[in-house]
Amino acid sequence: MYDRLAEAVRSDGAELVIVVVPLAYQMNDAYPFLPQDLFAQYCEERSLLCLDLLPSFREHGGSELFLGKQLGYTDIWHLSSKGHDLVADELRDFLEEHGLIGQP
């Protein structure tokens with residue numbers, strides 16, 4: 001699926017960037033499942049850009065980046081306002097670093 005997506009994006013003259021957003025569980029260093037590693041390997045093999053947000057999430061707030069129990073139930077997927085802000089900052093920096101936004 002990602003191969004087809006990458007080809008479609010390239011045929012339109014653009015660059016695919018795969019962004020891996022962690023789950024709240026992954027804020028715990030002992031959590032054993034890291035699909036980020038698989039995405040990194042996949043992207044490296046295909047010369048695709050990949051942004052893994054897990055290190056930044058762990059560094060800048062951990063579980064408070066997610067809605068958590070704010071809605072009356074545990075939500076490990078959806079981001080809080082702080083989480084969205086962090087993703088926006090990291091994505092902007094990544095795109096600028098790779099020359100995908102900024103000066104024409």
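**Exercise 1.** With which residues is Leu53 in contact, leaving aside its neighbours within four places in sequence?

*Solution.* The model is predicted: local features require pLDDT of at least 70, side-chain atom pairs count only at pLDDT 80 or more, and totals for chains, interfaces and linings use all residues. Residues are numbered from 1 along each chain as its sequence is written, and side-chain values use heavy atoms, without hydrogens and water. Contact means heavy atoms within 4.5 Å. With neighbours within four places in sequence set aside, Leu53 touches Val19, Val20, Val21, Pro22, Val87 and Glu90.

**Exercise 2.** Describe the largest nonpolar core and the elements that contribute to it.

*Solution.* A nonpolar core is a set of buried Ala, Val, Leu, Ile, Met, Phe, Trp, Tyr and Cys residues joined through side-chain atoms within 4.5 Å; buried means under 20% relative accessible area (1.4 Å probe, protein chains only). The largest such core has 14 residues, and Leu53 and Val87 are among those with the most contacts inside it. Two or more residues come from each of strand 2 (49–52), helix 3 (54–59), strand 4 (75–79) and helix 4 (81–97). Helices (H or I, at least four residues) and strands (E, at least two) are DSSP runs, numbered from the N terminus. Helix 4 gives the most, with three residues. Another core, of eight residues, lies apart from this one and includes Val9, Ile18, Val20 and Cys43.

**Exercise 3.** Characterise the surroundings of Asp75.

*Solution.* Asp75 lies in strand 4 and is buried, with a relative accessible area of 4%. Leaving aside neighbours within four places in sequence, Asp75 is in contact with Phe66, Leu67 and Gly68.

Note on methods. Buried means under 20% relative accessible area, exposed over 50%, partly exposed in between (1.4 Å probe, protein chains only).
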